[in-house]
Amino acid sequence: MTGPGEAAPSRRSLMQRFASWLSIAPLVLVLVPFFVVPMLAVIAASFMESDGFGGIIFHPSLDNYKELFTSMLTMNLYLSTLKFTLLSWLFTFLIGFGVAYFLAFHVRSTLLATSLFLLCTIPFWTSNVIRMISWIPLLGQQGLVNTVLTGAHLVRQPLKFLLFSDFSVVVAYVHQLTIFMIVPIYSSLARIDKRAVEAAWDAGAGRWDILRLIILPLAKNGIALGSVFVTSIVMGDFFVVKVMSGGNSGSVVAALFENISVLQYPTAAAQAVVLMLVVLLIATVILRSVDVRREIAR
Amino acid sequence: MKKPSRARTTATSRRQFSRRTLLKGAAAVAGSGAITGFPTIWAQEIKNIELRHVGVSYSVVKAIGDQASKDLGFKVTMQNLDTSAAINRFVTQPASVDIADVEGWQAKLATKRGVLQGIEAKRIKEFPNILPIFTKGEINGKAVSRQGISPFEAMYISKPDATTLHDGVADYLTFLPQVYNADSMGYRPDLIGREITSWKELINPDFKGKAAILDVPAIGIMDAALCFESAGLIKYGNKGNMTKKEIDFTIDHLIELKKQGHFRATWTTFDQSVQLMAAGEVIIQSMWSPAVAAVRVKGMPCVYAPVNIKGAKEGYRGWCNGMALMKHLSGKKLEAAYEYLNWYLSGWQGGFVARYGYYSPVPSTAKKVLSANEWDYWYEGKPAKAPILDPYGVAMEQAGAKRDGGSFMDRVTNISCWNTLMDEAQYMNKRWNDFKVA
């Protein structure tokens with residue numbers, strides 16, 4: 001016969017376990033049918049064979065992956081996409097960090113800083129497709145920039161590299177994605193104790209040393225979060241590349257999409273799985289360097 | 001009104017006529033007096049029917065659906081998707097579509113997938129009047145090109161539920177042609193200074209950095225093939241169904257051109273092609289006829305290149321969209337669908353699409369709704385005697401203007417290949433991406 005003293009803890013732990021299950025239930029209910037199941041379907045399809053007109057033949061093999069990994073095309077597509085990812089990351093980071101730094105350290109009033117921060121989000125009230133397309137009349141051969149440059153006799157011929165080039169793709173990405181750097185970096189910087197900076201200043205540290213030894217390490221979490229946003233968005237996008245490069249550049253997702261448009265689902269599924277693994281790998285490497293849980297929980 | 005009048009000049013008589021035919025069909029299905037033929041009862045029966053006609057924006061047009069709803073008494077909803085999303089929806093979500101708007105190659109895919117039901121040719125009133133390009137694969141007694149997937153090739157099946165195409169005429173149709181045209185190139189006459197009548201001009205080094213090509217792999221590669229064939233670089237067995245070797249040759253040459261900086265851009269949508277030309281980025285590119293007109297409406301000179309067949313070279317790349325009935329349609333909804341198909345070919349739609357440069361498979365009915373001036377301009381290739389208005393009443397061309405490419409007959413008899421999906425589509429896509437990423 002068990003006494004009440006013994007029964008109570010086990011009942012409590014059962015209750016506790018039930019409560020914790022209950023609290024994650026909403027997320028599980030959303031993620032399982034809308035993420036896990038489709039994901040498993042994609043992974044399963046990636047091992048199958050296509051019948052050439054939209055059907056999937058149950059004939060498990062590694063052929064789709066073999067084809068992908070032995071093709072120079074895969075290599076070239078990833079190189080192209082990684083190039084855009086790296087460039088976009090670099091410029092969004094430089095601009096994003098600069099803006100966040102200014103807001104956090106140079107704007108004295110918190111109210112003003114917050115209002116300026118909100119101002120940064122105004123361009124995002126319009127769709128990013130519109131924001132991207134607006135660059136075309138600006139950068140074209142008869143666009144605003146070239147008209148001004150040729151009008152001022154700074155160049156003799158309109159600059160062609162401004163549009164339908166790697167340059168215009170990066171411009172569009174940086175324009176679209178800098179906010180994803182500003183927000184997390186600003187939130188990290190805003191939490192830095194100003195006294196630490198003053199102490200370093202008093203101890204004779206220069207501006208650069210303070211940035212390098214105090215601010216950057218403390219902003220690491222924000223930078224990492226922003227980097228994950230930017231890299232995963234660029235890796236998974238094809239529309240910006242397609243439009244802004246004038247169709248002159250390929251991308252991993254564009255190639256995948258072409259396969260879907262001719263109903264080659266298994267090949268497309270394998271491409272999707274590989275892309276997912278690559279993005280996961282990049283995100284893992286970035287997040288290894290920081291404690292995101294701490295950042296979010298703080 | 002025992003026999004419907006042949007001359008159906010007004011919307012009212014058309015409406016009465018089509019309702020009667022539908023009634024006959026419906027009564028036959030019902031097999032009893034459930035539907036007795038009183039218009040009011042019929043109106044009650046059909047007013048809750050909704051047909052979803054799904055397809056690309058240049059073929060499935062809201063204004064046409066609205067007019068059909070008005071004339072027929074039931075609701076027709078037009079839904080637009082791009083080519084790729086459309087075919088994916090037809091084969092993976094067939095129940096979400098009633099009437100699929102498909103090209104020949106899509107009809108072939110959807111038929112193989114078993115998502116369509118055959119259209120009974122004898123229930124299409126205008127079927128005997130459809131141009132023989134579609135129904136017999138010939139025009140003026142001359143066989144129409146079978147390079148690519150011609151509408152004729154993709155049109156027939158022997159049984160309503162067949163999953164393979166029937167070569168030659170049969171009683172059931174995979175799709176009913178509704179709109180088509182012949183594509184070539186557009187160019188800026190003011191900047192080029194001479195007439196362009198040949199595909200090889202698109203790859204002429206004179207236009208380096210000022211040319212663009214269509215970036216839809218399946219048809220972009222055919223435009224490229226027309227160029228290379230025209231330049232005498234290669235002779236294709238079938239441009240619409242290349243061998244791997246032919247694909248390699250074509251893509252390798254495209255890559256070479258790209259590396260020389262020949263292409264300013266490639267385009268995917270109608271609007272992009274208009275923008276490229278109107279913004280002065282390119283002076284020659286593969287282009288669709290209404291896109292050329294859209295550039296001209298912006299006040300910029302632009303000509304649609306007539307690329308008539310010369311020997312075994314040149315010619316237009318033809319395309320044709322048609323309506324297909326999804327397998328799930330039955331009962332009253334199927335009757336309504338047949339009525340809609342019959343309405344579609346009865347003239348109003350033919351007149352509507354003519355006003356932006358596309359053709360009806362039954363020109364004889366379109367002619368009834370077009371003015372003599374419009375008919376002469378769009379179909380006969382004669383100079384306009386009065387301003388030409390687009391379908392929404394906006395002036396497009398002034399009196400005296402002449403349509404590029406000449407008459408309807410000049411165009412359609414010069415189609416040398418059709419939009420397609422090659423047997424080696426997957427390989428071709430892969431190589432096309434090599435071109436994109438090069």
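Visitor: How do helix 8 and helix 10 of chain A run relative to each other?
Guide: Helix 8 and helix 10 of chain A are roughly antiparallel, because their axes cross at roughly 155° and angles over 145 degrees count as roughly antiparallel. This is a predicted model, where local features need pLDDT of at least 70, side-chain atom pairs count only at pLDDT 80 or more, and totals for chains, interfaces and linings use all residues. Residues are numbered from 1 along each chain as its sequence is written, while chains are lettered from A and ligands numbered from 1 in the order in which they are written.

Visitor: Within what distance do the axes come?
Guide: Within 7 Å, for helix 8 (residues 166–190) and helix 10 (residues 207–235) of chain A. Axes here are lines fitted to C-alpha atoms, for helices over the stretch in contact, with angles from 0 to 180 degrees between N-to-C directions. Helices are DSSP runs of H or I with at least four residues, and strands are E runs of at least two, numbered from the N terminus.

Visitor: Which residues meet there?
Guide: On helix 8 of chain A they include Tyr173(A), Phe180(A) and Pro184(A), and on helix 10 of chain A they include Leu225(A), Phe229(A) and Ile233(A). Contact means C-beta atoms, placed from the backbone, within 7 Å. By class, this contact has 15 nonpolar, 5 polar and no charged residues. Ala, Val, Leu, Ile, Met, Phe, Trp, Tyr, Cys and Pro count as nonpolar, Asp, Glu, Lys and Arg as charged, and the others, Gly among them, as polar.

Visitor: Is Leu225(A) buried or exposed?
Guide: Leu225(A) is buried, because 23 other C-beta atoms lie within 10 Å (20 or more is buried, 12 or fewer exposed, in between partly exposed).

Visitor: Switching topic, how many residues of chain A are in contact with chain B?
Guide: 27 residues of chain A, in contact with 28 residues of chain B. Helix 12 of chain A gives the most to the chain A side, with 5 residues. By class, that side has 8 nonpolar, 16 polar and 3 charged residues.

Visitor: And what's the strand order in the open sheet of chain B?
Guide: The order is 5-9-8, with antiparallel pairing; strands pair if DSSP finds at least two bridges between them. Strand 5 (119–120) and strand 8 (156–157) of chain B are the edge strands.

Visitor: Which residue does Tyr156(B) stand opposite?
Guide: Leu173(B), in strand 9 of chain B.

Note on methods: Angles under 35 degrees count as roughly parallel, over 145 as roughly antiparallel, 65 to 115 as roughly perpendicular and the rest as oblique. Two residues are in contact if their C-beta atoms, placed from the backbone, lie within 7 Å.
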